[in-house]
Amino acid sequence: MSGEGSDAKLLPVLAGVVAAMLAAFAVGIGKYIGDDGARLAAVITIAAIGLLAGAAVRCDRLRRAREREQGNLEIAARLDRLDADAAIPLAPSREVRPQDALARLDAASDEVRRLREIAEGVYGLEALFDVAGRLVWISPSIHRITGRTPEECLGAPDAIVFLVHESDRNYCLRMARKVAEGGPPANFEMRLMRADGRICWVACHWRRLGDDSTHPAGLRMSAEDIQARKETEYKLLETVTELRRAQALRERYLARSNDERQRLSALLNVIRLGILFMDRDHRVLYYNRAMLSIWGFAPDENLIGMRDVVLQSRVAPLLEQPEAYFEHIAGVLQMHGVSEAHEISLRDGRIVTDVSTVVESAQGRRWIGRVWIYEDVTEERKIARKMVELAERDPLTNLFNRRRFHEELNRLLAEATRHEVRVGLIAIDLDGFKPINDEFGHQAGDTVLVGLAQAVGGVIRRNEMFFRLGGDEFGVLVPDAEEGDLCELARRILEVIRTQRFEFEGRSTGLTASLGIALFPQHADTPEQLIAVADQAMYCSKNRGRDRWTLAGSEAHESDRMAPSESDEPICRGD
Ligand SMILES: Nc1nc2c(ncn2[C@@H]2O[C@H](COP(=O)(O)OP(=O)(O)OP(=O)(O)O)[C@@H](O)[C@H]2O)c(=O)[nH]1
């Protein structure tokens, strides 16, 4: 290579000397030979010039080949170093001045010259690099795109480092090397650094210069400012990302809302309350399993979308009083708040309650439907009735107890006051009950109490009420009573008690009772007074020998002691 290099330097010198000698010789000869000589001299001179030119061309080719080789080696070395340490951009050697390199490029290719002439005025960016990757010329458009002048770019130690964003530098150099090494033209996008620190995207096209594909004269880069497009792309990308994010968010909310609905549905399906949502158009929107069961629908019945009137016609056959129930519904539909629990009696004996309220939208500005909640309270009502009975009845005799006695007494007296009628009270206390307990035991005493309760219950009329007030005390309340009726009833009670016989330990036993009769409002103004007066009359009977009744207000109003053999006629002395 070095021998070829020295040849290249000597060859034009030798060719020049020979050409000069030949020219001088031709001129000398021409003077002596005349016109023919002049012509010969001219031919020799032309030959000498041709020789000189040929030598120069040969010399230039040799030089260019060497430079190409050196350039490829240099660009490769830069890339190798970049590969080894990408953080350090390498400056190319500035041994060859850009203008010299450009002159060489121009000399090497007419295309380059023409290109430059055209590129001076075009809108896009054009740049020429020598085979070593050095910038040798750049069109004035670089100033519009980056704010840098061509001179600044050419003066930079490494134009690629100077102009290309550090993130794109390695890629740019690699692509340039590939093109320089004979690869196909490269198209890619990269970022240029502007003088104001911002970036500018360009789409660039790299290709070789010169006809020799293995030894190109240099590289040409054509670039187009695509910053606006990139910004649009970026905005589009941002919009797409935003849309995707919104979509993902919506999907997440939807999934969460579906889960929530599943949870709610599971919850509503396990509770025993029947739930029915109607929409604004009075159509079924939702119902749970309990609702189907309460209203006798099959578990797989589909009621969604059914109008309320159709639903009502379906349940009507189940109702004791359909018309009354539908009237109730019509009333509730006029209300906005929560309705009172309404009891519905079904033909199969069940009792169902309903409660309803309108459902408002989340914003609370308008109502979006109505919810009905149904509860089968049959069991509760049974239990409640049982509890009331337990609380109001004597467990031994199953008669109403003292508590119920007071309730009924208050109620009857209130009614009697309203209707100006009388209420009678007969107080009953057994005579000689304790000895039965003492003699035959408590169990025997219970048997006597139960037996007498049943027996007396047999002579009590439907509108009269019989109570066990405690121990061996009983009471009878008689609404709208007359003295005569009360005395007659007292007589029947005494008789039925007296005639009851009980067998204990092989022995027959029985007992009597003492009765006191009082009338409201004749003998008392209040329930307490009436009880006290009746008790006084009853004690009067005890004191006067038992097995008799006494009418309050006068000791004369008492029954005669009635022997079993005596007449059944009531003995009731008047005032
Ligand atoms: N077997 C039984 N005895 C009861 C019950 N409740 C109260 N006694 C008893 O009933 C008796 C009532 O007492 P008294 O009224 O003094 O008995 P009595 O022999 O009827 O007395 P007189 O009224 O004066 O005739 C007491 O010995 C109580 O222990 C009960 O539920 N079962």
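Trainee: Where is Glu 505 placed?
Mentor: In the loop between β14 (502-504) and β15 (507-509). Keep in mind that this is a predicted model. Glu 505 has a positive phi of about 50°, although it is not a glycine.

Trainee: Is Glu 505 buried or exposed?
Mentor: Exposed, because it has 9 other C-beta atoms within 10 Å.

Trainee: And Asn 398, what is its phi?
Mentor: Near 65°, a positive value in a residue other than glycine. Asn 398 sits in the loop between α13 (378-392) and α14 (402-419). It counts as partly exposed, because it has 14 C-beta neighbours inside 10 Å.

Trainee: Which residues does a cis peptide bond join?
Mentor: Phe 520 and Pro 521, with omega about 0°. Pro 521 is in the loop between β16 and α18 (527-543).

Trainee: New topic. How many helices and strands are there in the protein?
Mentor: There are 18 helices and 17 strands. Of the 575 residues, 29% are buried.

Trainee: Take α17. What does it pack against?
Mentor: Its buried residues pack against β11 (423-431), α16 (442-459), β13 (473-479), β16 (512-520) and β17 (548-551). Those buried residues include Leu 486, Cys 487, Ala 490 and Arg 491. The helix covers residues 483-499 and reaches 24 Å from its first C-alpha to its last, close to the 24 Å expected.

Trainee: How many residues has the largest nonpolar core?
Mentor: It has 49. Ala 490 and Ile 517 are among those with the most contacts inside it.

Trainee: What does Ile 517 touch?
Mentor: Leu 486, Cys 487 and Ala 490 are among its contacts, and so are Ile 426, Ala 534 and Trp 549. That leaves out residues up to four places away in sequence. A second, separate core has 39 residues, including Leu 102 and Val 136.

Methods
Residues are numbered from 1 along each chain as its sequence is written. This is a predicted model: local features need pLDDT of at least 70, side-chain atom pairs count only at pLDDT 80 or more; totals for chains, interfaces and linings use all residues. Helices (H or I, at least four residues) and strands (E, at least two) are DSSP runs, numbered from the N terminus. A residue is buried if 20 or more other C-beta atoms lie within 10 Å of its own, exposed if 12 or fewer, and partly exposed in between; C-beta atoms are placed from the backbone. The expected span of a helix is 1.5 Å times one less than its number of residues. Two residues are in contact if their C-beta atoms, placed from the backbone, lie within 7 Å. A nonpolar core is a set of buried Ala, Val, Leu, Ile, Met, Phe, Trp, Tyr and Cys residues joined through C-beta atoms within 7 Å.
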